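The account then turns to helices, domains and the chain as a whole.

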Amino acid sequence: MAARLLLPRDDILNQVPASFRPFAEALLGEDDPAPGLIQLLGTLGRKTAPEEARDFALLLRRALPPSARRDRVSEVFLRESYPAWYIRAVNDRHRNAAYCAAIETAVTPRSIVLETGTGSGLFAMMAARAGATHVYTCEKDPHVAEIARLNIARNGFRDKITVLESPHEELRVGEHIPRRADILLHEFVASHFMVKEIPKIISRLRNELLTDDAVLLPSRFSAIGKLIGDPWPLDLVRVPDTVEGLDVSAINILEVADVSLPGPVTIETPLSAPVTLADFDPCADDAPTTDRVVEIEATGSGAASGLLQWVRYEFPDGSVYENRPDLACHWWPYFWPFANAVPVRAGDRLPLKILCSETEVFIDLVTDSRDD
Ligand SMILES: C[S@@+](CC[C@H](N)C(=O)[O-])C[C@H]1O[C@@H](n2cnc3c(N)ncnc32)[C@H](O)[C@@H]1O
């Protein structure tokens with residue numbers, strides 16, 4: 001039996017990327033084009049430009065009825081552009097609750113809201129539902145902008161929300177938004193805690209797109225760390241001296257500096273309380289965080305294998321979002337392994353280097369042999 005197409009054939013054909021078009025045209029003439037179109041993606045997708053393969057994969061997800069084969073073949077070409085956190089973010093109820101409370105407190109019927117990075121459109125819709133005059137939200141990816149528009153239409157907010165298909169860097173008052181916005185919704189900080197770049201971005205938004213007293217949601221960020229004695233995260237980072245009696249340690253040249261751990265993670269041997277490693281108000285004039293040393297006090301005894309690190313967003317109404325290891329959040333906490341386990345007793349103070357690049361923090365022990 002012919003598989004139903006979810007879009008008219010001509011609409012599909014108009015959207016097929018150029019390299020796929022001659023083959024797709026022939027296949028769309030068949031009674032059941034679905035198997036052939038999926039196979040076309042699988043074979044030609046590997047040989048053609050990644051953007052064309054991605055666009056064709058997305059088109060097949062919209063045009064063909066759901067099937068395991070459609071989803072598994074298309075996922076290969078979607079994964080790089082659309083990592084799994086697009087979905088995880090929307091399901092992060094801790095994040096959503098904090099943003100929702102902050103938005104409902106900040107928004108008034110006179111508010112013009114600007115959002116950078118629309119994604120699903122969830123936060124823009126929260127602001128519209130809270131009664132904003134209008135929400136302008138920008139999304140640099142045209143496919144994601146289209147997805148947000150669908151969600152916005154489904155929820156009846158088409159008149160209240162404008163999705164601007166543009167990077168926020170290109171937005172101008174008078175051209176994209178009618179006047180400066182009173183509220184900025186953003187989500188610039190991930191677990192890697194982009195440090196020096198954010199004040200520059202916020203400063204440009206404040207100078208060009210926001211009112212003088214605009215409210216930023218969130219308004220403050222911190223990187224939080226906790227010393228742990230659990231050895232198991234080390235298995236995600238490097239191999240021991242021998243495995244099954246064989247020395248395979250040459251593979252350790254591929255060690256990465258840090259590992260993200262999907263929460264919730266149970267810590268069997270916590271060795272400190274959570275400690276603020278770096279924090280900043282993105283509206284402050286100076287890049288707020290420079291490289292520094294922070295001491296972390298052990299609260300228990302054991303061999304410290306490394307540090308778990310996550311981020312904290314604060315909102316003006318007092319709402320807080322933290323991707324703490326004991327919660328299931330879309331940003332995963334990081335494990336920063338020490339080169340060698342460090343024996344500690346309660347009351348010991350371990351010095352940690354907090355190195356801030358333009359885009360990330362790096363954390364290590366000051367006494368570490370890799371210290372430089
Ligand atoms: C963390 S997601 C936003 C998730 C969204 N708040 C939600 O709940 O679905 C970030 C979004 O910002 C977009 N983005 C990244 N850089 C951007 C930029 N410079 N200008 C506009 N959008 C950007 C990405 O394509 C992505 O869709």
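The shell around the ligand divides into 7 nonpolar, 5 polar and 5 charged residues. In this division Ala, Val, Leu, Ile, Met, Phe, Trp, Tyr, Cys and Pro count as nonpolar, Asp, Glu, Lys and Arg as charged, and the others, Gly among them, as polar. The ligand is surrounded by 17 residues, of which the closest are Gly-117, Gly-119, Ser-120, Lys-140 and Pro-167; a residue is near a molecule if its C-beta atom, placed from the backbone, lies within 6 Å of it. Two or more residues of this shell come from each of α6 (85-90) and α8 (122-129). Helices (H or I, at least four residues) and strands (E, at least two) are DSSP runs, numbered from the N terminus.

The model is a predicted one, in which local features need pLDDT of at least 70 and side-chain atom pairs count only at pLDDT 80 or more, while totals for chains, interfaces and linings use all residues. Residue numbers start from 1 along each chain as its sequence is written.

Because 6 of its 8 residues are buried, α8 is largely enclosed by the rest of the structure. A residue is termed buried if 20 or more other C-beta atoms lie within 10 Å of its own, exposed if 12 or fewer, and partly exposed in between, with C-beta atoms placed from the backbone. The buried residues of α8 are Phe-123, Ala-124, Met-125, Met-126, Ala-127 and Ala-128. They pack against α7, β1 (112-116), β2 (134-138), α9 (142-154), β3 (161-164) and β4, where contact requires that the C-beta atoms of two residues, placed from the backbone, lie within 7 Å. Just after α8, Gly-131 takes a positive phi of about 105°.

Ile-198, Pro-199, Ile-202 and Leu-205 are the buried residues of α10. Seen down the axis of α10, these residues fall within an arc of 125°, so they line one face of the helix; the arc is that of the directions from the helix axis to the C-beta atoms. The cover over the buried residues of α10 includes β4 (181-185) and β5 (210-217). On the face turned away from the buried side, α10 carries the exposed residues Lys-200, Asn-207 and Glu-208.

The domain assignment gives domain 1 (9-82), domain 2 (87-187) and domain 3 (221-365), with bounds from an automatic or database domain assignment. Between domain 2 and domain 3, 10 residues of the former are in contact with 10 residues of the latter. On the side of domain 2 that touches domain 3, α6 and α7 (93-106) each give two or more residues. The largest share of that side, 7 residues, comes from α7. The centres of domain 2 and domain 3, taken over C-alpha atoms, are separated by 32 Å.

Asp-364 lies in strand β14 (residues 361-365). Asp-364 is buried, with 21 other C-beta atoms within 10 Å.

Buried residues make up 38% of its 372 residues.
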